[in-house]
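Work through these exercises with the model open beside you. Try each task before you read its solution.

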Amino acid sequence: MRLMHTTLRLLPIAIFTLLGSYAFAQKSTDKGCKPPINRARWHDLIDKEQRLLLQADGKADNVFDAPGDDDVNYLVTQAATRRVDELQCKIEQDSTVSHQKKVAYLSGIEKSLRSFTTLYRARRVPISQLPNLVNSYEAAMEKDKVGASIEGIIAGNTYEVANMIMSCGAFNGNPHFTAARNILVMKYSITYPSRTFQILRDNPDVPFRDSLIRIAAYKHPNLLYDYAAANNKLGYAIRKIDDPLIKTVSRIATSGGSGQMYFPFIDNIMSGKQTLEQIDSVKNDEVKYYKLLVKTRIDYMDRLLNKDTLYGMAALDYQLRKKASEYFIKTINALHEESDPVRFRILNQLTAQELYYLAVFSESEIYTSSYTRGVYPYMMQKIANRGDSLLLSVSFDKFRKFIRLAAGFNTLSEFLNSFPDKGQAERLMTAFVNGLEKTNSLEDGVDIADSYASISENNKPLANRMLENVKNNYERNLAENNQRGIIMYNLLYKLFESADSSFHIDLSKEFGIPPVYSVSYDALTRDSAHQVVIQVFFYGDQDGKNIFQGYLRQFGSGWKRADTKQWVSFTSTKGKPIVIYANKPLPEETDEDEEAQKALTAYLQQNDMEPSIIIHRGHSYYADYTIDKIQPSAKIVFLGSCGGYHLIHKVLQHAPDAHIIASKQIGKTVINQPFINLLMDKLQKGSNIDWIPFWKEFSRQVTDKEGLEDYIPPHKNLGALFIKAYKLQTGEDDDDDVATQSYF
């Protein structure tokens, strides 16, 4: 029966495929449908948009047939062809409509179809909305012909469909166009909350303006600040609203150039606990201002535990992160070659709690030695080596972030041993895993994901308990049918299990993400010759030229060299086939190094060679240039520059399946070279790259180990893969408000 149903369902599509070309020609010859010469152009334009829409599935035919629901494909094909054709005929046959109006309606169809195709290709509207667009357009046309309002049609559609109808130009003369546009403004604000002030700036006279301002103000007080200071109609309207938050933000916005410095304290300012004058007294002193930020954060956390509503917490976090990194952490990082008393002198004036927040708000900036020799021991000394007291004093705020740091810097066991009550330490690690389904962001899940590899390497019993706890949470969420919890814990469990090859976990099959702990040799042989293609990026400064000369010397017997004006290549003559291409470090002053990189990349593309391994050999300020040239084929990316760790997210935007090796601190040739040597050795043997044993072997081969601890292996970057897999599972994407929510 199912087969018969499918066959019957597909039959209309098959017939339509055969008759598709006829469908387009039909309307120009049918009696009553042939347009006069002065309107034929508009029909031709519509025909063109129909074809382009049907080709949006990747096939140049007259049927829309994208992977997915066959019923949807059929309805979309009908809407794009038969329904649009009928609408064109209907316009031509209507003797009550003037020539000018017919042109407007035909032009509106063409523009609506063009907008729909553009949005569909950009994944901003589902293809299933096309029939609704055509039906709604026809309904709006019928209303417009008799001067009736189109408000109900606009109100009954999604913003995207409503906007296509409103912006196509066909209904600009409708007597109720302004009222319909007001409804569209409301829809826009609901669909894109962070753009409310932007749309109100362009439409300041909508009748519900003040209501939208109030709603947006409490969601995005930072944006309220920007618009409240403006000398325009919206700015005046904002400043007139009698609301405690809006009045406070308006006051701050018009107080001078230091408004953002007040924002972390906005809740206390609203309640009268703090004044602008009190903040003025410390805002120009980095240490005093940071101390006030920490004091306010601890106070806010106590209030949150009592279910108080708070405003400005995100702004507080932003300033804490900024001050912790830019003033304290950058100072001690820069003094890494000085003696510890000199390097960490700046930390003496901070309390244990202030040092705690220093750590959790600078996780991506802090060097290993800055943490293990400075922040962590200073913090524990000032809390009398009592980890339990420390967490209690900050109300367990960001404790998952702190545990992740402790695991990554190998101080977790020491920290847990500082708990006099060992049962309390075990309960802490249970709480570390529990309750992810109740969180509002993925940050806590990322912390758990990133910590597991370090815990597994250094404390196997604790890792086993952690894995069991993840499994228990998965089963609990399954019983409660909590979909968010089911996805998060199932993903974590499979990520962790995949560390053990005996479980045979196929992450690509289950979640659409690459294996975490290994890269197979086969995955690295991308081209038709089944060879590993490696591309190395050099830059034309003096350091780049020096490193390049050392790079050339490493290839002895077993490699065949070939030169061009702009690049050099080495092909293995022993073992498995490997070919390495490196641009020459030509003068940077004339951008010849970049031209060489572009020429090499073009050569590889022309010869169907996709680099599966990318190696960056240059200073950190060149890293972005390398990343911009990374192809999606890259499976291993080695950033040998200083601070490459901070660019991981950019690499993943270019190569979503890449395993990334980068340093938080200084990239060193004495570390980079042993890594590359070992990688070449594995490749020549045709071995899979299993990161945990690989990293141990690599570490043994590094003779000067200073700075090695700041090189982060791929299997400790699980957080990025966790986010990717979660979004693939849920269908979520980076929405309009992500950046704003994470900032304020």
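**Exercise 1.** Which strands does helix α35 lie across, and at about how many degrees does it run to β6?

*Solution.* This is a predicted model. Start with the helix: α35 covers residues 669–684. Next, list the strands under it: β2, β3, β4, β5, β6, β7, β8 and β10. Last, take the angle: α35 runs at about 160 degrees to β6.

**Exercise 2.** Find the order of the strands in the open sheet, then say which strands stand at the edges.

*Solution.* Walk across the sheet: the order is β3-β4-β5-β2-β6-β7-β8-β10. The pairing of these 8 strands is mixed. Now look at the two ends. β3 (559–563) and β10 (711–712) each have a single partner strand, so one side of each lacks a neighbour in the sheet. For β10, β8 pairs with it in the antiparallel sense, over 2 bridges. There, S663 has Y711 as its bridge partner.

**Exercise 3.** Trace the chain of partners from H616 through β7 to β8.

*Solution.* Begin in β6 (residues 613–617), where H616 is found. Step to β7: the bridge partner of H616 is L639. Step again: L639 stands opposite A662 in β8. Check the directions. β6 and β7 run parallel, joined by 4 bridges. β7 and β8 also run parallel, with 4 bridges.

**Exercise 4.** Is H616 buried or exposed? What does its side chain contact?

*Solution.* Buried means under 20% relative accessible area. H616 has 0%, so it is buried. Its side chain makes a polar contact with the side chain of T626, at 2.8 Å.

Notes:
Residues are numbered from 1 along each chain as its sequence is written. This is a predicted model: local features need pLDDT of at least 70, side-chain atom pairs count only at pLDDT 80 or more; totals for chains, interfaces and linings use all residues. Side-chain values use heavy atoms; hydrogens and water are left out. Buried means under 20% relative accessible area, exposed over 50%, partly exposed in between (1.4 Å probe, protein chains only). A polar contact is a pair of N or O atoms within 3.5 Å; within protein, one must be able to donate a hydrogen and the other to accept it, and residues adjacent in sequence count only if both atoms are side-chain atoms. Two strands pair if DSSP finds at least two bridges between them. Contact means heavy atoms within 4.5 Å. Axes are lines fitted to C-alpha atoms, for helices over the stretch in contact, and angles run from 0 to 180 degrees between N-to-C directions.
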